[in-house]
Amino acid sequence: GGQILRNAIALSSLLGRPVQICRIRAGRDKPGLKAQHNAGIQLLQQIVKADCCGCQRDSQTVTFRPPPAGAGSVSAIAGGNYSEDIGTAGSVCLLVQAALPVLAFADSPSLLSLRGGTNVDFAPPAEHFTGTLAPLLESTLGLRFRLSLARRGFYPRGGGQLALEVTPAPRGAPLAPIRLLDPGQLVRVTGVAHACGAIPARVAQQMASAARQLLLTALGSNTDPTAFFVDIVVDKSSQSVGNGCGISLTAHSSTGCLLGANAIGRRGVPAHDVAAEAVNQLLADVKRGVCVDVHTQDQLVIFMALAEGESAIRVGPLTLHTRTAVHVAEMLTGVNFSVSEDTTKPGKTDGGGEGNCVLSCRGLGLKRD
């Protein structure tokens, strides 16, 4: 699948280890590389000056050969300005997933200019990165980066514009470990509801209003209503490519945990139901007492493997994406992950049970010489 591809190429780029990925998306109706997968490989090929074979649409085997790296240090990664246009509604956020760990170890700051889908199915929306992942990585790892959404792009045209600015870790300094074990208490919920193109502005207003009311109802009448703020964004047709709407929410806890939830509007689905989808996702993680939401847990695995020291996160049952990310990280880095039962929410810990668990590892402590 695409996640194996992204994580394997990113770790290959960092460690200077050649990789060959076979049977890419072999179980899909249309197997092989799609435009967004190809764009991700080409982007990292630019950044690390790798040799690549099989990097074309529909290819089911890719061989990626980056320059070698020294023991305990990263391959030569040049900061600078890079751009990539997927050419379809393929997710630019998935390109960010592949490039961010690599640019965190570049020799200078970087600016990525990306074009494609910003709010599409089967990928985190741009608002999840800006509202949840970016502040989470900054507060835990000390990683500094900024995402700027210039234009939203929707299926089927894409055409959205996203800029990623990354300030790399200082020379000789590894990333700090991720320690998210105390969920604390819910303090507030923030978010963004958007309606773009031909979608009426009232749709964003209805999603925001419904989300606030649903949160107040679920969390009790004594809850401070000012703790739930959902910004409303209405983009004219000149400010977006295509028509679309959706809502992204972030729950903030007293211990600094951030839980994200998102929903994309669909034809014939009322605005209230779109808001309810995101609220229900969010409340499920809040009530479960986790420190990392179901959509973020897999995105932290690669950073846990690269950081110095013991990383540990309290999560719900491991998703297939998370177990896949762990498998790839262990294979390429030699880091061993462990999954232990969270005794406050007991259950199976193999990713298939109902209980919470703690995912942990002692990272490489990778650094730039």
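Hi everyone, thanks for having me. Please keep in mind throughout that we are looking at a prediction.

Let me start with the layout. Where they touch, domain 1 contributes 29 residues and domain 2 contributes 27 residues.

How much area do domain 1 and domain 2 bury between them? The figure comes to about 2,100 Å², and carbon and sulfur atoms account for 51% of it. On the domain 1 side, the residues that lose the most area to domain 2 are Arg-151, Arg-152 and Phe-154, which together make up 26% of what that side buries.

Now the polar part. Eleven residue pairs are in polar contact between domain 1 and domain 2, counting pairs with both residues at pLDDT 80 or more. Which elements supply at least two residues each to the side of domain 1 that touches domain 2? They are helix 4, residues 126-141, and strand 6, residues 144-153. Helix 4 gives the most, with six residues. Sorted by class, that side of domain 1 has ten nonpolar, eleven polar and eight charged residues.

As for salt bridges, the rule finds two across the interface of the two domains.

Next, let's zoom in on Asp-235, which sits in strand 10, residues 228-235. Is Asp-235 buried or exposed? It counts as buried, because its relative accessibility is 12% and the cut-off for buried is under 20%. The side chain of Asp-235 makes a polar contact of 2.9 Å with the side chain of Arg-152. Leaving aside neighbours within four places in sequence, Asp-235 also touches Ala-195, Cys-196, Gly-197 and Ser-240.

My last stop is Pro-183, in the loop between strand 8 (179-180) and strand 9 (186-196). Pro-183 counts as buried too, because its relative accessibility is 18%. Not counting residues up to four places away in sequence, Pro-183 touches Ser-253, Thr-255, Cys-257, Gly-289, Val-290, Cys-291 and Arg-314. Here is a pair to find in the viewer: Pro-183 and Gly-256 are 73 residues apart in sequence, with their C-alpha atoms 8.1 Å apart in space.

That's my tour, and I'm happy to go back to any of these residues with you.

Definitions and conventions
Residues are numbered from 1 along each chain as its sequence is written. This is a predicted model: local features need pLDDT of at least 70, side-chain atom pairs count only at pLDDT 80 or more; totals for chains, interfaces and linings use all residues. Side-chain values use heavy atoms; hydrogens and water are left out. Contact means heavy atoms within 4.5 Å. Buried area is the accessible area (1.4 Å probe) that two parts lose on being put together, summed over both. A salt bridge is a side-chain nitrogen of Lys or Arg within 4 Å of a carboxyl oxygen of Asp or Glu. A polar contact is a pair of N or O atoms within 3.5 Å; within protein, one must be able to donate a hydrogen and the other to accept it, and residues adjacent in sequence count only if both atoms are side-chain atoms. Helices (H or I, at least four residues) and strands (E, at least two) are DSSP runs, numbered from the N terminus. Ala, Val, Leu, Ile, Met, Phe, Trp, Tyr, Cys and Pro count as nonpolar, Asp, Glu, Lys and Arg as charged, and the others, Gly among them, as polar. Buried means under 20% relative accessible area, exposed over 50%, partly exposed in between (1.4 Å probe, protein chains only).
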